[in-house]
Amino acid sequence: MKCPFCGYHDSKVVDSRPAEDYVSIRRRRECLSCKKRFTTFEVMESLPVVVIKRDGSRQSFDRTKLLNGMIRACEKRPVPFETLERIATEIEQTLQNEMNREVSSTKIGEMVMDQLKGVDEVAYVRFASVYRQFKDISTFMAELSKLLEEK
């Protein structure tokens, strides 16, 4: 690891521990030349996940798009942003842990709805209305009836 202070190409690890997100490792290093300390983070290399859209097109998985969709569904609802970030992280990790490098947008949408149902029912219905493209009030009412029956 190259020292950010003097540019020397070698350092030693002084301390190593999980970072706050438990997805990366925080390492304190000491330059073997100038003896100054600096911090590095080590993360597992992830393979790209390709999302197959409804129209058949493909694009790289974008965590930001996932998070933005949930934020819109939770607008003016008492859902903490940290909860939405946790859901996005869980879904992303689930997709990374699967052996498939391609996943349908339908599957991702279902994963989001499963998570939102337990967090906020109004946000769930909002997300479902956009995701499932409710055409009229009867399909909307059918989804609400399903939700009420599960209680």
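Helices here are DSSP runs of H or I with at least four residues, strands are runs of E with at least two, and both are numbered from the N terminus. What you have is a predicted model, where local features need pLDDT of at least 70, side-chain atom pairs count only at pLDDT 80 or more, and totals for chains, interfaces and linings use all residues. Residues are numbered from 1 along each chain as its sequence is written, and side-chain values use heavy atoms, with hydrogens and water left out.

Strand 4 (residues 50–52) runs antiparallel to strand 5, joined by three bridges; Val51 has Gln59 in strand 5 as its bridge partner.

Now for the pockets. On a 1 Å grid over the protein atoms alone, a pocket is an open set of points where a 1.4 Å probe fits, with protein on both sides within 12 Å along at least five of seven lines; lining residues have an atom within 4 Å of a point. A volume is the space filled by probe spheres set on the points, which are joined across faces, edges and corners.

The largest pocket comes to about 620 Å³. Its lining counts 22 residues, with Lys53, Lys65, Ser105, Phe127 and Tyr131 closest to the centre. Strand 5 (58–60), helix 1 (63–73), helix 3 (105–119) and helix 4 (121–131) each give at least two lining residues.

The second largest pocket holds about 480 Å³. Helix 2 (residues 81–97) supplies the largest share of its lining, eight residues.

Definitions and conventions. Pairing = 2+ DSSP bridges.
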